Amino acid sequence: MAGQGLTALRLPMDGDFMKLVASSGSPVRLAEFDGRGIVAFEAGSLSAAGFGVVAPLIIRNHLVGLMALGETNGSGNGS
């Protein structure tokens, strides 16, 4: 439906996907998780919601969250 967006998406903080993102220590393109088992499902859920890049939010060596950024449309502006 037009105008309706993602209202909630929960990922387990102690899950494999979050552990992989945290271990990278930097932004990661969701496409890098294609074909990687259970983490591919979580990455696919984020991708289906319109996100293309995720970055771990780490404070004092502890993962506290995830920042998800939308895909760009090629012009440098977010889609």
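**Exercise 1. Find the residue of strand 2 that is the bridge partner of Arg29, and describe the sheet around this pair.**

Step 1: In strand 2, Arg29 has Val53 as its bridge partner, where strands are DSSP runs of E with at least two residues, helices are runs of H or I with at least four residues, and both are numbered from the N terminus. The model is a predicted one, in which local features need pLDDT of at least 70 and side-chain atom pairs count only at pLDDT 80 or more, while totals for chains, interfaces and linings use all residues. Residues are numbered from 1 along each chain as its sequence is written, and side-chain values use heavy atoms, with hydrogens and water left out.

Step 2: Strand 1 and strand 2 pair in the antiparallel sense over two bridges; two strands are said to pair if DSSP finds at least two bridges between them.

Step 3: The open sheet consists of three strands in the order 1-2-3, with antiparallel pairing. Strand 1 (28–29) and strand 3 are the edge strands, since each pairs on one side only.

**Exercise 2. Determine which residues form the nonpolar patch on the surface, and which strand gives the most to this patch.**

Step 1: The patch is formed by Leu57, Ile59, Val64, Met67 and Leu69, which together have about 420 Å² of accessible area, computed by the Shrake-Rupley method with a 1.4 Å probe, with only the protein chains shown counting as cover for residues.

Step 2: Strand 2 (51–59) and strand 3 (62–70) each supply at least two residues of the patch, and strand 3 gives the most, with three residues.

Step 3: Leu57, which lies in strand 2, counts as partly exposed because its relative accessibility is 36%, given that buried means under 20%, exposed over 50%, and partly exposed in between (1.4 Å probe, protein chains only).

**Exercise 3. State where Leu20 lies and which residues Leu20 is in contact with, leaving aside its neighbours within four places in sequence.**

Step 1: Leu20 belongs to helix 1 (residues 16–24) and is partly exposed, because its relative accessible area is 31%.

Step 2: Apart from neighbours within four places in sequence, Leu20 is in contact (heavy atoms within 4.5 Å) with Phe33, Arg36 and Val39.

Step 3: Val39 is 19 residues from Leu20 in sequence, and the two are 8.6 Å apart in space, C-alpha to C-alpha.

Notes: Patch = residues over 30% accessible without salt bridge, like charges linked within 9 Å, V, L, I, M, F, W, Y side chains within 5 Å. Salt bridge = Lys/Arg side-chain N within 4 Å of Asp/Glu carboxyl O.
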